[in-house]
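I opened a notebook page for this model and wrote down what I looked up, in the order I looked.

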Amino acid sequence: MSKNKKYHIITYGCQMNEHDSEKLAGMLESLGYNNTEQLENADIILLNTCTIRENAELKVFGKLGQLKEYKRKNPDLIIGIGGCMMQLEEPVEEIYKKYRHVDLIFGTHNIHQVPELIQKIEKNRKRVVEVWDQEEGLIPDLPSQRESEYSAWISIIQGCNNFCTYCIVPYVRGRERSRPLEAIVNEAEKLAAEGVKEITLLGQNVNSYGNDLEEKIDFPLLLEELNKVEALKRIRFMTSHPRDFSHKLLMAIKNLTKVAEHIHLPIQSGSNKILKEMNRGYCREYYIKTVKEIQNKVPEAAISTDFIVGFPGESDEDFEQTLDLVKELRFDMAYTFIYSPRSGTPAARREDQIAEEVKKERLNRLMEIQNKISYEKNQKLIGKTQKILLTGPSNRDQEVYEGRTRSNKICFIDKRPDLIGEIVKVKIDSAKSWTLQGTVVE
Ligand code: SAM
Ligand code: SF4
């Protein structure tokens, strides 16, 4: 056991990575390390990386550069790097050769080995590179040090089989592997017993949950089982692939009382030509029909989406079709990204790449329209009552408390320590594009 030693983890990317970092933290705690917010106090610094866009990688290299100074001041410091970027040969080689202050390189498939690898470094003081191409054998359930006392992530399916032509995920996270239903329900029960009120089920495509399992189970059935876990109050999930979003799932959202009314349904583009070239497996009309069915059957549901602008060959007309779709469907929220070529993916090899200025201009136009729609939709909530799970002080102001509505909107209220961890009824007083402000209704 390492007495009084401290760790600091820096996480890039999606919820999947945040969840992996909680496991890394849990494993380090079980080695006797404690968390520190100050890099200069850390005995171990771990970077959990993302490779979805080039920007994410640039940030990691920038941070690695800064960490050199910390290693110079404290030569015993262990610096480790893992996550999606480490599943690719090029960055691993570059880091191994040029960033000599990095002691440990590990991948997404062997995070359970991190304690053992760290102990090896502590003993031998030699650099270690251990990256697996795929999971091997039975991966043990790992301890987790959660960020929040009341909300928890549960991974239900790893990897992705879809191979959208722009996306690196299937190459770095491997093929789809669903966790057994029983293991997920057990984890939910354990979390609920620890005081967790809300779980978020994670997967690149939660709708294909169960396809690879021998038993005949699917995602709606999993939701049904989790809905029975008594102490749980809310169940969230992401991400839903539009192609696999079924009527059965919509009915589960409508009928299961704990399943929150928020659906993240990334469309990526409003042009059929681009959707086909992205290999998304649905067309614009199918997507619109799906959203209208959701709006019809579960009118209180919030729908969010992802867009990529500037995919190779995207013409002005293709982009206009995206804007038209945004105006027609009026999403509650959208994450908008500039297409970033990822080496090894089919789209990156295309010669008809779009100029950076055009991509930026399109992104700004799309964001401007979406921000206005999000603002207008939130304004409509003013005067209405919403139930929020109050999680505590907001990051920017300790006097302001925050929670999320069932539809996943952030809502601020005045300080109420007595209500932390409770589902609280709030009357919405004002609203911006991304946040609401309310007063507790006693
Ligand atoms: N599996 C989910 C899906 O299919 O919607 C999301 C996966 S990814 C972590 C999140 C988002 O990143 C995608 O929905 C897409 O909009 C965006 N993305 C993925 N690859 C990208 C790329 N090469 N350039 C820009 N954005 C990208
Ligand atoms: Fe990437 Fe497509 Fe899989 Fe989502 S569904 S992770 S965008 S390949």
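I call a residue buried under 20% relative accessible area, exposed over 50% and partly exposed in between, with a 1.4 Å probe and protein chains only. A nonpolar core is a set of buried Ala, Val, Leu, Ile, Met, Phe, Trp, Tyr and Cys residues joined through side-chain atoms within 4.5 Å.

I noted the ground rules next. The model is predicted, so local features need pLDDT of at least 70 and side-chain atom pairs pLDDT 80 or more, while totals for chains, interfaces and linings use all residues. Residues are numbered from 1 along each chain as its sequence is written, chains are lettered from A and ligands numbered from 1 in the order written, and side-chain values use heavy atoms, with hydrogens and water left out.

**Entry 1: cores**

I looked up the largest nonpolar core and found 55 residues in it. Those with the most contacts inside this core are Ile156, Ile199, Leu201, Phe219 and Leu223. Helix H6 (residues 181–193) gives the core its largest share, six residues. Helices (H or I, at least four residues) and strands (E, at least two) are DSSP runs, numbered from the N terminus.

I then followed Leu223. Contact here means heavy atoms within 4.5 Å. With neighbours within four places in sequence set aside, Leu223 is in contact with Leu201, Ile235, Phe237, Leu249, Ala252, Leu256 and Val259. I also recorded a second, separate core of 22 residues, with Leu39, Phe61, Val92 and Ile105 among them.

**Entry 2: ligand 1**

Which residues come nearest to ligand 1? I found 15 residues around ligand 1, and Gln204, Pro266, Gln268, Asp306 and Ser340 come nearest. A residue counts as near if one of its heavy atoms lies within 4 Å of the molecule or strand. By class the shell divides into seven nonpolar, four polar and four charged residues. In this count Ala, Val, Leu, Ile, Met, Phe, Trp, Tyr, Cys and Pro are nonpolar, Asp, Glu, Lys and Arg are charged, and the others, Gly among them, are polar. Strand E13 (302–309) and strand E14 (333–338) each supply at least two residues of this shell.

I listed polar contacts, meaning pairs of N or O atoms within 3.5 Å; within protein one must be able to donate a hydrogen and the other to accept it, and residues adjacent in sequence count only if both atoms are side-chain atoms. A backbone N or O atom of Gln204 is 2.9 Å from a nitrogen atom of ligand 1. Taken alone, ligand 1 exposes 560 Å², and the protein buries 91% of that (Shrake-Rupley method, 1.4 Å probe; for residues, only the protein chains shown count as cover).

**Entry 3: ligand 2**

I found Cys160, Cys164 and Cys167 among the residues that surround ligand 2. Gln204 and Arg280 are also in the shell of ligand 2. By class this shell has seven nonpolar, three polar and one charged residues.

**Entry 4: two loop residues**

Is Ser269 buried or exposed? Ser269 is buried, because its relative accessible area is 0%. Ser269 is in the loop between strand E12 (262–264) and helix H9 (272–277). The Ser269 side chain reaches the backbone nitrogen of Ser271 at 3.0 Å. Not counting residues up to four places away in sequence, Ser269 touches Ile274, Leu275, Met278, Phe307 and Thr322.

Gly310 is in the loop between E13 and helix H11 (316–329). Gly310 is also buried, at a relative accessible area of 0%. Beyond four places in sequence, Gly310 is in contact with Tyr339, Ile354 and Lys359. I noted that Gly310 and Lys360 are 50 residues apart in sequence and 8.5 Å apart C-alpha to C-alpha.

**Entry 5: backbone exceptions**

Most residues other than glycine have a negative phi, and most peptide bonds are trans. I recorded a cis peptide bond from Met238 to Thr239, with omega near 10°. Thr239 is in the loop between strand E11 (234–238) and helix H8 (247–255).

Arg125 has a positive phi of about 50°. Arg125 sits in the loop between helix H4 (114–124) and strand E6 (128–130), and counts as partly exposed at 40% relative accessibility. Arg330 has a positive phi of about 50° as well. Arg330 lies in the loop between H11 and E14, and is partly exposed at 30%.
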